[in-house]
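Here is a short briefing on one protein chain. Look over the sequence and the structure, then read on.

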Amino acid sequence: MDGLISFFASHHAIRAETLLKRHGHRARLVPGPRELSPNCGVALRFEYARRDEVLPLLGEHRVRIDGVHFYQPRTDGWEAAQR
């Protein structure tokens, strides 16, 4: 899952995860990366290629989002090296 949706409040993130799963989309709540959104500590991973299906669905159900991002976390050990 290479998409990430950031939210203004965690209850919107929880609603989004439930809604997407109910409609057959892969979705998982994750800690929100600070570099993308400092508003809420929770973000939602999803399939970015399906954003044209996901975003209208969230809009129809009045799930308020902060932003939609193509996001792949670093896997090169950079964070561990900084500690």
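Where in the chain is Arg62 found? Arg62 sits in the loop between H2 and strand E4 (65-70). The model is a predicted one.

**Overall fold**
- The chain holds 3 helices and 4 strands.
- Along the sequence, their order is β-α-β-β-α-β-α.
- The chain has 83 residues, and 34% of them count as buried.
- Take the contacts with a sequence separation of 6 or more: 72% of them join residues 24 or more positions apart.

**Nonpolar core**
- The largest nonpolar core is made of 13 residues.
- Ile5, Phe7, Leu20, Leu44 and Leu58 have the most contacts inside this core.
- Strand E1 (3-7), helix H1 (10-22), strand E3 (42-46) and helix H2 (51-60) each supply two or more of its residues.
- H1 gives the most, with 4 residues.
- In soluble globular proteins, nonpolar side chains tend to be buried together.

**The H1 and H2 pair**
- The axes of H1 and H2 lie 10 Å apart, at an angle of about 120 degrees.
- An angle of 65 to 115 degrees would count as roughly perpendicular, and one over 145 as roughly antiparallel.
- H1 and H2 are therefore oblique to each other.
- Their crossing is right-handed.
- On the H1 side, the contact is made by Ala16, Leu19 and Leu20. On the H2 side, Val54, Leu57 and Leu58 meet them.
- What classes of residue make up the contact of H1 with H2? There are 6 nonpolar residues, no polar ones and no charged ones.
- Leu20 and Leu58 belong to this contact, and both are listed with the most contacts inside the core.

**Glu17, in a helix**
- Glu17 is part of helix H1.
- Is Glu17 buried or exposed? Its relative accessible area is 16% and the limit for buried is under 20%, so Glu17 is buried.
- Beyond residues up to four places away in sequence, Glu17 touches Ala27, Arg28, Leu29 and Leu44.
- Of these partners of Glu17, Leu44 is also listed among the core residues with the most contacts.

**Val42, in a strand**
- Val42 belongs to strand E3.
- Its relative accessibility is 24%, so Val42 counts as partly exposed.
- Neighbours within four places in sequence aside, Val42 is in contact with Phe7, Ser10, Ala13, Leu29, Val30 and Gly32.
- Val42 and Ala13 are 29 residues apart in sequence, yet their C-alpha atoms are 6.7 Å apart in space.

**Loop residues**
- Arg62 is not a glycine, but it has a positive phi of about 55 degrees.
- Arg62 has a relative accessible area of 71%; the limit for exposed is over 50%, so Arg62 is exposed.
- His23 lies in the loop between H1 and strand E2 (27-31).
- With a relative accessible area of 42%, His23 is partly exposed.

Technical notes: Residues numbered from 1 in each chain as written. Predicted model: local features only at pLDDT ≥ 70, side-chain atom pairs only at ≥ 80, totals over all residues. Heavy atoms only, no water. Core = buried A, V, L, I, M, F, W, Y, C linked by side-chain atoms within 4.5 Å. Buried < 20%, exposed > 50% of the residue type's maximum accessible area, 1.4 Å probe, protein only. Axes fitted to C-alpha atoms, helices over the stretch in contact; angles between N-to-C directions. Parallel < 35°, antiparallel > 145°, perpendicular 65-115°, else oblique. Left-handed = near helix turned anticlockwise from the far one by under 90°. Contact = heavy atoms within 4.5 Å. Nonpolar A, V, L, I, M, F, W, Y, C, P; charged D, E, K, R; others polar.
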